[in-house]
Amino acid sequence: METKSIGKICKALGHPTRIQIMTLLWRRNNRTCGEIVELIPLAQSTISKHLLELKKANLVNVKNEGKKTIYSIGLDNIQILKKYITSYLSTIEIPEHNKKTILTTRHQVKGRNSHLKKYNYQFPHKNIKENLGD
């Protein structure tokens, strides 16, 4: 059941405009579609469609006040997403020996800023050429 909820949430957040809408609601909750349209330069119909997708995923709550429709953050599914991401990220660990972007140099570097040079990137194709010349 939780997997389906996470899938719906991620699908709904899979569009930059919807993320913008959620960000606006985080900054100040309880906005009308018109207020959102003033801040995001898209047609009102486009914003309404994005709000509908967020509503389907239970990421926004809708409250009618007279002729106005007020949108606010739906915290329940945000908590589910937060719990999932926190749990997932806590299981990821990249051991130091598997990191390939920063390698130490083989030769000893002397001089000013030598403490920085030991973290220079080693390009794999250059290492191959150097070894062929040896």
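Helices (H or I, at least four residues) and strands (E, at least two) are DSSP runs, numbered from the N terminus. This is a predicted model, in which local features need pLDDT of at least 70, side-chain atom pairs count only at pLDDT 80 or more, and totals for chains, interfaces and linings use all residues. Residues are numbered from 1 along each chain as its sequence is written, and side-chain values use heavy atoms, without hydrogens and water.

**View 1. Helix H2 and helix H4 cross at roughly 80 degrees.** The axes of H2 (residues 16–27) and H4 (residues 44–56) come within 10 Å. Axes are lines fitted to C-alpha atoms, for helices over the stretch in contact, and angles run from 0 to 180 degrees between N-to-C directions. The two helices are therefore roughly perpendicular to each other (65 to 115 degrees). Thr-17, Arg-18, Ile-21 and Met-22 of H2 make the contact with Ile-47, His-50, Leu-51, Glu-53 and Leu-54 of H4 (heavy atoms within 4.5 Å).

**View 2. Three strands form an open sheet in the order E1-E3-E2.** The pairing is antiparallel; two strands pair if DSSP finds at least two bridges between them. Strands E1 (31–32) and E2 (60–65) are the edge strands, each pairing on one side only. E1 pairs with E3 (residues 68–73) over two bridges, and Arg-31 has Tyr-71 in E3 as its bridge partner. H2 lies across E1, E2 and E3, at about 90 degrees to E3.

**View 3. Thr-32 is found in strand E1.** At 15% relative accessibility, Thr-32 counts as buried (under 20% relative accessible area, 1.4 Å probe, protein chains only). Leaving aside residues up to four places away in sequence, Thr-32 touches Lys-68, Thr-69, Ile-70 and Tyr-71.

How values were computed. Angles under 35 degrees count as roughly parallel, over 145 as roughly antiparallel, 65 to 115 as roughly perpendicular and the rest as oblique. Buried means under 20% relative accessible area, exposed over 50%, partly exposed in between (1.4 Å probe, protein chains only).
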